[in-house]
Amino acid sequence: MFQICECKLSRSGPPATIVAIDEESPNGTLLVENMQINGVAEGPDRTISLSLRDNYNYWVILDPARQSLYLNSTGRVLDRDPPSFIQSIVVQVQCTNELIGTVILHEVRIVVRDRNDNAPHFQQPRYYVAISELTPVGTTIFSGFSGNNGATDIDDGPNGQIEYTIQYNPKDPTANRTFDIPLTLFGSVVLRERLNYEEITRYLVIIQANDRAPSPSDRRTATTTLTVDVLDGDDLGPMFLPCTLVGNTRDCSPITYLASVLELTEPNKTNPLNVTPPIQAVDQDRNIQPPSDRPGILYSILIGKPASYAEYFSLNRTTAELMLLKPIDRELYRRFDLVIKAEQDNGHPLPAFANLQIEVLDENNQAPYFLESGYHGYVSEASPVGTTVATNVTLSAPLTIIALDNDVEEARDPQLHFSLDSYSHVFSISTTGIRRYLTLLQPVDRETQDSYTFTLLASDGVQQSAPVIVTITVLDANDNTPTFSNVSYSVNLFTDMSPGESVIKMSAVDSDAGENGQISYHILAGDQGKFLINSSTGVITVAPGAELTVGRSYALTVEAVDNGPAPHRRSSITTVYIEVLPPNNQSPPRFPRQQYNLEISEAMRTGATLLNLQAVDREKDPITYKIHSGDINGNFALSGYLILDKPLDRESLDHYILIVTASDGRPDGTSTAVVNVVVTDVNDNDPVFNSSLPVNLTVTEEQDNAFVGQIVATDLDLGANGQVHYRLVNHQTLFSINASGAIRTAVPLDREVRESHYFLVVEASDGAVDPRRSRLTLSVTVLDVDDNSPIFSQQSYNINLPENSPEDTVILQLKATDADLISNLTYRIRAEGLDPEITRLFRVDPVTGELSVLKVLDFEALAASEPMYTFTVEAADVEGTMPPGHASVTVRILVSDMNDFAPSFRQPVYRGMVAPNAVKGTIVTTVMANDSDPAGTPAGLIRYKVDQEAYPYSASIFDVDEEKGHVVTRVNLNEEPNLKFRLGVVAYDHGEPVKENTTLVEITVLQPSVIPVFTREEYRFPPVSEEAAVGTPVGIIMAAAVNQTIVYSIVEGNEGGVFSLNKTTGEISTAKPLDYETNSSYVLKVEADSMRVVSSNLRAPSKCNNTIPNTKKMYLEFEHFKNEMQKKKKSIFSYLIHQKKTY
């Protein structure tokens, strides 16, 4: 049976053997360790034989003895990815049963597992997309990685899955924050931040593709660039040109366009008006595509001052041409300030605005004028073309030329045309601006021409200025090389020449000035220690200790170098050939030098020795000296020494060239030398003022930097000694003077505040260290301008006007002053907002300023209204030409009461009764007086007092309450019954003057009784208005009884409880509001009870004698009256109280 089992699998499970192997596994990798097939495949006991079938490309090797399978990848790679696509290998292991000859095939499946051995690969080298700057944030702007258009990875599974991210680009740092890929597996690029074409027009977005290998460290990546071009969108409005950016922003500085129009010019002669710069606006979105989609610009005038601008100007909607609509009178308008608007014709909400200033020009009847009488500028000969001419030798500031035109405001560019009468090919002047500058049109050469003088004119097209002289000095630059007159020199010497004796004087010429033209000399080679050269004079001499040998020759190389700045020094060389000869016994006298240069001050004293000119004669012969020529005035003498014989004057002659000779008397025994004498300046001249210029000057007040006058001084001295400087000795804070002598105001002068006349002292000094000075006194008169308003002497006037003042009474003298020289003040009451009543009551004299009252005023008639009148009085300068020209002041007139009426008592006689033993302070009766003067005024305020002189004894017993009029006991009484007292009571007011009235009070002492007795036969109380408040006192009733306390009560007539009665004091008051229309009168019955009677129950019935309390009836009636001023109905109470007796 075992023969049948051979070749079968000894294991259980599926028949096929399945194994897995990584791609790129090395050759010999074990695939199957043991096939587990029954039988022996090797050796003498072999029962089976094993072989491979269907072994494609021989990828598998079989080891029959071990039944093992191995990978065969010799010279190749097992690659699962394209192009090999080896994802699995299937082979058959054939087993032959050697015992019975049967064959069994065992299938082996080898699965090739993927390794992440391939990086993603983009299908395109770069990607591109264009989007509008108006694209909303969150929009997908690129989805070009979908399908097979993006990155691919030939690996399998996660190793071949792609995800996309945006990486930081150091060359475009903003790209990674502007865009985003929220869904990394899809790779769609989304806008993350708002775009702005005006800031960035292109983004370079680096996009990375990586696979999704399980281990992040094993993942492979690839990158590409997505170019995002931003297209211009219509997100900006127009902007006016030219645009000057503000700092580093994209905002334009506000622009003001300027235009002018001549007054009274007809529109057809000037339209369209010239505007500087031309009005133009452009859409800031300049690259909207296609161009047909770009909006147009519409122009308009938004607002302007004066408000009538629309009557005179219009702006073309599409061309922006400024059109004049009608002539303008400059007396009405001198300038228009307009705001113009530019907007797109598609309704874009962002318009642009600019200012437009239009000047109305005066008729051109004034000629331009220069501020300076002349100008002096400087330019270096090394300056390139286009250099601006400077105002000083240091070239630190430009030369400024200013010309003005009184037809144009001083602060504005008069737009003058300047012209040069010559050298216009060398210099040009700027064409615009108040300040003009000269520039160089071609190179200049100081050595050819060291200065340029020309005449400058300014013209406004009609009028022409007076000419001014402009002088341009060309400053030296080191542009010339020292030059010897000969290429070489030959000199013969003698062996007997002494050390220090002159051989030859070298002379080189440098056309430059100053240090650039100063030459130094040096022997560069060939002297062999025999010769020396003076570096300043160029004289070559025999060196000390030198021995000259006959027949010897020397070739000296001599250099001449200027003293310009070290980097720019120039030099040249020459050769001096020297031959040594035997001694010569017949040579003429010889000067040490052939040329001498000497500078002498013009202040040098006569007789002074100026120069040693002694010549040397080899034979020691006598020498005769002579000035051959050049001393035309005989200023010098020569005797071997040059001596000053006469005083020098540089201003007359500043340079001498003396030819001097030395002779030993033989025919050929004369030699010559040249002495150049320069006379230097001494500060011996004072500056002299030009007497032809005026010294009496005028200037108009209130003008800043106004021209006052011009002074000119000259100084004949040279250099700094002749440079004139000006200064003001006094009034430096008010006036200024410039370098050319032009005097201007430093501040606006106010003739009224300061002075109207100044004596201005001007000093001219030269530029010497110890300068000489001259002074000139100028008379400056300040011309008046009507620039002051009148001023009242007080800030306000408060007048107390007594009533009843006669008509035309002058109640106030108004006084205003005007500081101007000429003023004509007129007074008037301001009519604006004025109550017409004022002009009917008061009048101000327009010339004198007297304020008078036109009517007799009655204070009582005014009492219902405010007795004060307030109004404004103006003082106007009718001659004034400048605002403000008027002043105003407030006048308050208080009409005062004159106390027209004296107080009047309502009764001629008042009666009262009092108990014989009444205590101090007992009220006996009450007096009441009225005053027709207005209530609340001192004249209407009533007070009471006892007339001490009328009844002195009564006055010592009784008194009166000052305010209420209560007549009271002054002391405790102890009087006989039935005794009568007379008391004089005075009612007086507090008016001016005080008025008073007197009444009589009769007081009866009662019989002793416990029954109260009313003190008056009748009570009449003052009227009370129906509008009186609750609690208003109406009146007081009083009764008396011996040693009794009185209790008061209302017994009839007060059914509605309208009144209340104080039971102790007897005062009646309102308890409820009163209404005249409901009830115009009341009759009250009041009762006075003795507390003793009440407590003893002694009150009798109404008809019982002596037991019935004393009663009174009080009748209250209302009456109408009308206020004539207010026409308002009011009501008063009239109380009629009748006394009745009941028995």
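Areas here come from the Shrake-Rupley method with a 1.4 Å probe, and for residues only the protein chains shown count as cover. The model is predicted, so local features need pLDDT of at least 70 and side-chain atom pairs count only at pLDDT 80 or more, while totals for chains, interfaces and linings use all residues. Residues are numbered from 1 along each chain as its sequence is written, and side-chain values use heavy atoms, leaving out hydrogens and water.

**The whole chain**

The C-alpha atoms fill a box of roughly 180 × 170 × 70 Å along the principal axes. The radius of gyration is 65 Å, whereas a compact globule of 1143 residues would have one near 32 Å. That radius is taken over C-alpha atoms, and the globule rule is 2.2 Å times the number of residues to the power 0.38.

Of the 1143 residues, 43% are buried. Buried means under 20% relative accessible area, exposed means over 50%, and partly exposed lies in between (1.4 Å probe, protein chains only). Among contacts (heavy atoms within 4.5 Å) between residues at least 6 apart in sequence, 67% join residues at least 24 apart.

| Residue | Location |
|---|---|
| Ala403 | strand E28 (residues 401-404) |
| Arg943 | strand E73 (residues 943-946) |
| Leu185 | loop between strand E13 (179-180) and strand E14 (189-191) |

Ala403 counts as buried because its relative accessibility is 2%. Leaving aside residues up to four places away in sequence, Ala403 touches Tyr369, Phe370, Pro414, Leu416, Phe418, Ile434 and Ala458.

Arg943 is buried yet has no salt bridge, and the nearest side chain of opposite charge, Glu963, is 4.0 Å away. A salt bridge is a side-chain nitrogen of Lys or Arg within 4 Å of a carboxyl oxygen of Asp or Glu. The contacts of Arg943 beyond four places in sequence include Glu962, Glu963 and Tyr988.

Leu185 is partly exposed, with a relative accessible area of 45%. Together, Leu183, Leu185 and Phe186 make a nonpolar surface patch of about 330 Å².

Notes. Helix = DSSP H or I, 4+ residues; strand = E, 2+ residues; numbered from the N terminus. Lys, Arg positive; Asp, Glu negative; His and termini not counted. Patch = residues over 30% accessible without salt bridge, like charges linked within 9 Å, V, L, I, M, F, W, Y side chains within 5 Å.
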